[in-house]
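The structure is shown first, and the findings follow.

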Amino acid sequence: MNRQIIMLAAVVAIIVGCSDNETIIPADEMDVDYMSFDVMSAPSVELTGNVTRGTDTGFQTTSLSPNTRIGMFVMHEADYEAKEFGQPENYTDIRSVWHSGNTSLTSAYADKHCYGYCNEEVKVNADGSLVRTDANQFVYPYSSDYEKVGVIAYSPRREGMDYADLFAAMPIIVDADQSDNAVMRSNDIMIGVPYINNPFRVERAPINLVFSHVMTKVTVNVSIPRVDALLSDSIYVTIDGLLSKAYITPYEVAEELMATVSKTPAQTPTQMLVNAVQGTERTITLLADTGMTVPVANDTLRLSCCAYVPAQTFSVDRYPVVKVHFITKEYLDPFEVVVPEIRDERAYSDKSYTPFRSGTNKVYNIVIED
């Protein structure tokens, strides 16, 4: 009888032990490892020409501007390398995680099983640190094996981005009128990757992300003599012959950038990260100065403006044409004679057929003569 009782007790112990191993662990009882991120300098391109006024031509040439909104994807290493997200069979210990009350884990284990941050909104602080706008923190996967994570960040952040969009060819169509600073900035697509490796795990230290410009920046510097023939009420700067649509696959771009990232973060990639699509040519407006508020120095008006467009190549059939438009409004002179509106245009064709490449600044210095 005693022997039977002992054997029964052993079986019960085994059953209880198995149940304990399968018990879901509340997240707020874990010893959580957090991760933090900093922004390293973006590729820097020096402007040329005497610039005294213009749209924000220096935007993000050395670093991301404070309060820039970034979309952040942080994935378990198995998903990052397999390019398949949300597959619980990839996981072991972390499948037993249950978040209850610890809000910093809410988005990491949104379905109580699968680890991964999807398009988390992050902003840039003045010191270069990145913080989530919901005030929560990023955590590593909960596991005794210290799994690594893969990270892809991008700017400006878009609503509705999902894991599948990292591998989808998303259409990017740049705005035709980029004379407004906010609109111009929204066209500056950037991708961020960790410079240490991807995937990775770093304990108790900020993870540095290097952001690189995917588009081509086009800067036009114009010098205009203040002579009667060029006096006007408005000046527009446009550029024709550019393709405005492209497709971007963030994962592929991130992989390309990982090949160029080094401990010298100012490195500028020279490859065509995003190729423009044929058949989407449009006129891009870089400057629309309708008030003529530009200061005059040494009897010369100096303008500087810029826009962001997809990287692309040119041919004898299509090439950039920069145009400076002068408009004098219709007015009534002192003798009550109506003077009609006057429009003048100066065009400058770039037939060098030099490709526009990702992360570079194509500068046109134009001197208009009377």
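## Ring contacts and cysteines

In this predicted model, the charged end of R132 sits over the ring of F138, at 5.2 Å from the ring centre.

| Charged residue | Ring | Distance to ring centre |
|---|---|---|
| R132 | F138 | 5.2 Å |

Ten aromatic pairs are present in the structure. One of them joins F314 and F356 in an edge-to-face arrangement, with 4.9 Å between the ring centres and 75 degrees between the planes. F314 lies in the loop between strand 18 (300–309) and strand 19 (321–328), whereas F356 lies in the loop between strand 22 (342–349) and strand 23 (361–367); the pair therefore ties together parts that are 42 residues apart in sequence. Both F314 and F356 are buried.

The structure contains zero disulfides. For C305, the closest cysteine sulfur is that of C306, and the separation of 7.3 Å is too far for a bond, because a disulfide requires the two sulfur atoms to lie within 2.5 Å. C306 is likewise in no disulfide, its nearest cysteine sulfur being that of C305, 7.3 Å away. C305 has 0% relative accessibility and therefore counts as buried. C306 also counts as buried, because its relative accessibility is 0%.

Methods
Residues are numbered from 1 along each chain as its sequence is written. This is a predicted model: local features need pLDDT of at least 70, side-chain atom pairs count only at pLDDT 80 or more; totals for chains, interfaces and linings use all residues. Side-chain values use heavy atoms; hydrogens and water are left out. Rings of Phe, Tyr and Trp (its six-membered ring) pair if their centres lie within 6.5 Å; planes under 30 degrees apart count as stacked, over 60 as edge-to-face and the rest as tilted. Helices (H or I, at least four residues) and strands (E, at least two) are DSSP runs, numbered from the N terminus. Buried means under 20% relative accessible area, exposed over 50%, partly exposed in between (1.4 Å probe, protein chains only). A charge sits over a ring if NZ of Lys or CZ of Arg is within 6 Å of the ring centre and within 35 degrees of the ring normal.
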